Amino acid sequence: MNLLTQIEHWGDRHHPAWIDIIRIALGIFLIYKGIDFLRHMSDLVGFMSASSSSFSEFSYVLAGHYAVGAHILGGILLAAGLFTRAACLMQLPVLLGAIFFVGSNPEMLSPYSEVFLTILVFLLLVYFLIVGNGPWAVKLPDERNQ
């Protein structure tokens, strides 16, 4: 039994159903933040380019679009409980960058841009990366027979 299988087995055994409410709320919150970033894309790209000038403008636009796509798609998958670990994995680089960017300017896209909230979301994503989706998740057709 390899390490990933052991982690998945442990996560399936130690996942109470009420934690799924937090997973669904986290997914909805990430969808909201993705839409909010999409509405304020020029502010986001401008803030990233003003914070560090070591990359080109195209890389900041690309990073901004990745953050929007990861938040919206990952939030939908996380809320539904589909591919939960993959959804968490696609969010982690965005949240790591947000910890550094938000830490340097706490007024960016307020009211939900505080460092504490960013770290809390990051820790929740790491938790769901380990434990998985839980009992209140959409089941794929091949998972229903098990």
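**View 1. Contacts across the whole chain.** Among contacts in the chain between residues at least 6 apart in sequence, 74% join residues at least 24 apart, where contact means heavy atoms within 4.5 Å. The model shown here is predicted, so local features need pLDDT of at least 70 and side-chain atom pairs count only at pLDDT 80 or more, while totals for chains, interfaces and linings use all residues. Residues are numbered from 1 along each chain as its sequence is written, and side-chain values use heavy atoms, with hydrogens and water left out. Welcome to the fold itself: six helices and zero strands make up the secondary structure of the chain, in the order α-α-α-α-α-α from the N terminus on. Helices (H or I, at least four residues) and strands (E, at least two) are DSSP runs, numbered from the N terminus. Of the 146 residues of the chain, 34% count as buried; buried means under 20% relative accessible area, exposed over 50%, and partly exposed in between, with a 1.4 Å probe and protein chains only.

**View 2. Helix α2 against helix α4.** Two packed helices are described by the angle between their axes and the distance between the axes. Here, helix α2 (residues 19-39) and helix α4 (residues 57-80) pack at about 160°, and their axes are 7 Å apart. That angle makes α2 roughly antiparallel to α4. For these descriptions, axes are lines fitted to C-alpha atoms, for helices over the stretch in contact, and angles run from 0 to 180 degrees between N-to-C directions. Angles under 35 degrees count as roughly parallel, over 145 as roughly antiparallel, 65 to 115 as roughly perpendicular and the rest as oblique. The crossing of α2 past α4 is left-handed, a label used if the near helix is turned anticlockwise from the far one by less than a right angle, with right-handed used if clockwise.

**View 3. The residues where α2 and α4 meet.** On the α2 side, look for residues including R23, I24, L26, G27, I28, L30 and I31. Further residues of α2 in this contact include K33, G34, I35, F37 and L38. Their counterparts in α4 are V68, H71, I72, G75, I76, L78, A79 and A80. Sorted by class, the contact of α2 with α4 has 14 nonpolar, four polar and two charged residues. In this sorting, Ala, Val, Leu, Ile, Met, Phe, Trp, Tyr, Cys and Pro count as nonpolar, Asp, Glu, Lys and Arg as charged, and the others, Gly among them, as polar.

**View 4. Helix α2 against helix α6.** Helix α2 also has a contact with helix α6 (residues 115-131), and the two axes come within 11 Å and cross at roughly 125°. The two helices, α2 and α6, are therefore oblique to each other. Once again α2 makes a left-handed crossing, this time past α6. From α2, the contact uses I19, I22, R23, L26, F29 and L30, and from α6 it uses L117, V121, L124, L125, Y127 and F128. By class, this contact of α2 with α6 has eleven nonpolar, no polar and one charged residues.

**View 5. A salt bridge between R23 and D20.** The whole structure holds three salt bridges, each a side-chain nitrogen of Lys or Arg within 4 Å of a carboxyl oxygen of Asp or Glu. One of them joins the side chains of R23 and D20, at 3.6 Å from N to O. About one helical turn separates R23 and D20, because they are three residues apart in helix α2. Both R23 and D20 are buried.

View 6. K33 forms a salt bridge with D36, with the closest N and O atoms 3.7 Å apart. Both K33 and D36 are buried, and they sit three residues apart in helix α2, so about one helical turn separates them. R39 also forms a salt bridge with D36, its closest N and O atoms being 4.0 Å apart. D36 counts as buried because its relative accessibility is 7%, whereas R39 counts as exposed at 61%. Salt bridges that share partners join K33, D36 and R39 into one network.

View 7. F58 lies in helix α4 and, at 60% relative accessibility, counts as exposed. F58 and V45 are 13 residues apart in sequence and 9.5 Å apart in space, C-alpha to C-alpha. F83 lies in the loop between α4 and α5 (84-104), and its 54% relative accessibility means that F83 counts as exposed. Phi of F83 is near 45°, a positive value in a residue other than glycine.
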